[in-house]
Amino acid sequence: MTTEQNQPGYVWADVRDAPVRELFPGIRQRPLWRGDDGASAQVLEMDPHSCWEGIDVHDPGPEEVFVVSGVFNDGDRDYPAGSFIHAPAGSSHVPQTKTGCTLFVFYPAG
C-alpha cells in the first residue's frame, strides 16, 4: 500500500504487491486497504472447486462483493464475472466456486 505525498489520505495499492494469506485450502486473501474505522478492501482468489470452511457470517457490518473473474457461488446461486453482491450485516453464506474466481471484497463497517 502506498500513500501519495501530495494528497493527504489518498492511498493506492497494486494487488500484485499485496501480501498473500491463505484462509483455507485454495482460498487466498490479498489485503489492499484498511481504514482507521475498520473498513477494509481486499481481493479474494478462489481456486476451482474451493469452498469456505464453515459459514461466513457478516458481523459486525455488511460485505460487498464484485466478481472480477470466474463464477462465484454463495451456497445458493452462481454469480458470473461482473456481478455485484451486497450482503447485509447479520447475513451469511458459504463462499465456493466450481470454476475458480477472483473477487473484490469491501467491508464498509469493518
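These legends accompany close-up views of one predicted model.

Residues are numbered from 1 along each chain as its sequence is written. In this predicted model, local features need pLDDT of at least 70, side-chain atom pairs count only at pLDDT 80 or more, and totals for chains, interfaces and linings use all residues; side-chain values use heavy atoms, with hydrogens and water left out.

**View 1. The largest pocket and its lining.**
The largest pocket holds about 410 Å³ of space. A pocket here is an open set of points on a 1 Å grid over the protein atoms alone, where a 1.4 Å probe fits and protein lies on both sides within 12 Å along at least five of seven lines. Its volume is the space filled by probe spheres set on the points, which are joined across faces, edges and corners. The lining has 29 residues, each with an atom within 4 Å of a point. Gln29, Ser40, Gln42, Val105 and Tyr107 lie nearest the centre. By class, the lining splits into 16 nonpolar, eight polar and five charged residues. Nonpolar covers Ala, Val, Leu, Ile, Met, Phe, Trp, Tyr, Cys and Pro; charged covers Asp, Glu, Lys and Arg; the others, Gly among them, are polar.

**View 2. Strands around the largest pocket.**
Six elements each supply at least two lining residues: β3 (21-24), β4 (27-34), β5 (40-46), β7 (56-57), β8 (63-73) and β13 (101-107). Strands are DSSP runs of E, at least two residues long, numbered from the N terminus. β4 gives the most, with five residues.

**View 3. Gln42 in strand β5.**
Is Gln42 buried or exposed? Gln42 counts as buried, at 7% relative accessibility. Buried means under 20% relative accessible area, exposed over 50%, and partly exposed in between (1.4 Å probe, protein chains only). Beyond its neighbours within four places in sequence, Gln42 contacts Gln29, Arg30, Pro31, Leu32, Leu103, Phe104, Val105 and Tyr107. Contact means heavy atoms within 4.5 Å.

**View 4. The largest nonpolar core.**
This core has 14 residues. A nonpolar core is a set of buried Ala, Val, Leu, Ile, Met, Phe, Trp, Tyr and Cys residues joined through side-chain atoms within 4.5 Å. Ile27, Leu44, Met46, Phe72, Leu103 and Val105 have the most contacts inside the core. β5, β8 and β13 each give two or more residues to this core. β13 gives the most, with four.

**View 5. Phe72 and Leu103.**
Phe72 sits in strand β8 and is buried, with a relative accessible area of 2%. Phe72 and Leu103 are 31 residues apart in sequence, yet 8.1 Å apart in space, C-alpha to C-alpha. Leaving out residues up to four places away in sequence, the contacts of Phe72 include Met46, Tyr79, Ile85, His93 and Leu103. With the same exclusion, Leu103 touches residues including Gln42, Leu44, Val65, Val67 and Phe72.

**View 6. Cys51 and Cys101.**
How many disulfides does the whole structure hold? The search finds zero. A disulfide is a pair of cysteine sulfur atoms within 2.5 Å. The sulfur of Cys51 is 11 Å from the closest cysteine sulfur, in Cys101, so the two are too far apart for a bond. Cys51 is partly exposed, at 36% relative accessible area, whereas Cys101 is buried, at 5%.

**View 7. Two loop features.**
A cis peptide bond joins Asp59 and Pro60, with omega about 20°. Pro60 lies in the loop between β7 and β8. His49 lies in the loop between β5 and β6 (50-51). Phi of His49 is near 65°, a positive value in a residue other than glycine. His49 counts as exposed, at 66% relative accessibility.
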